[in-house]
Each structure stands twice: as C-alpha cells, then as structure tokens.
Amino acid sequence: MEKLCPECGEKIIGRVDKKFCSDYCRNSFNNKLNKDSKNLIRNINNRLRKNHRILESFSLKDGKTKTTRYKLLDKGFDFEIFTSIYTTKKGTIYYFIYDLGYLPLDNDYYMIVKRE
Ligand SMILES: [Zn+2]
C-alpha cells in the first residue's frame, strides 16, 4: 500500500515506517502543530485575562458585590472561560478566574467574590 506525505501529499518512498517524504516536510508539519497549540493557549490566556480584568473592574464591598448578566456581557465577559469551580457544602457553585469568582443568582443576577 502506498503512503502519502501528510505535509505535501507526495508519495513516500523508502522505509515502511517512514511518515514523511523528507525531513523538511516532517519539520514543517510539526512546527505547524506546535504553532496551533501555542495559539490555542494564547487565545485562552487572553480570554482569561480579559475575564479577570472585567471582574476586577467591579468595586467590591467586604469582598463581594452584585451585578447583572447584562452588565457582564456588555463588558465582554465570557462565561465559558474560568480557571476553577468551587462547590460549597450546600451545593452552590462558584466559578473562579484565578482569585476572582462569580456565582449565578436568580433572575440573571450575579454575585462577584474575591477569594482570600
Ligand atoms: Zn512531503
């Protein structure tokens, strides 16, 4: 069975276990893979940083404050990006972005909290 190079599509000639037609293709294929995963990490880091900045922009009183879903979305908050989840004994779920977290309340209200 003939194998094709995943980088350039050329027929691979040589050893059976050869995956690429040349060192050049192997290198450029692997470099692209690395670049994609670096981009993914960079994008998520940027989104985390943005979310953290947004939570930071609310002034807290005794380590917390209340806001609405609308206000968070308006600032560009992304509810899918957080660093950890904390569930209390009562089953209340907090979503954290590093040291700042939020808790969904009724009627699209949110509680923003700071972890000590
Ligand atoms: Zn090739």
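In this short talk I will go through a zinc site and some salt bridges in one protein structure. Please keep in mind that this is a predicted model, in which local features need pLDDT of at least 70, side-chain atom pairs count only at pLDDT 80 or more, and totals for chains, interfaces and linings use all residues. Residues are numbered from 1 along each chain as its sequence is written, and side-chain values use heavy atoms, with hydrogens and water left out.

Let me start with the zinc ion, whose protein donors are the SG atoms of Cys5, Cys8, Cys21 and Cys25, lying 2.3 Å from it; donors here are N, O and S atoms within 2.8 Å of the metal (3.2 Å for Na, K and Ca), and since water is not among the atoms, sites may look incomplete. Along the chain these donors follow the spacing C-x2-C-x12-C-x3-C. Cys5 is buried, with a relative accessible area of 3%, whereas Cys8, at 40%, counts as partly exposed, where buried means under 20%, exposed over 50% and partly exposed in between, using a 1.4 Å probe and protein chains only.

Now to the salt bridges, each being a side-chain nitrogen of Lys or Arg within 4 Å of a carboxyl oxygen of Asp or Glu; a search of the whole structure finds 6 of them. In one of these, Asp17 pairs with Arg15, and their closest N and O atoms are 2.9 Å apart. Asp17 is exposed at 53% relative accessible area, and Arg15 is exposed at 58%. Another salt bridge joins Asp99 to Lys114, with the closest N and O atoms 3.0 Å apart.
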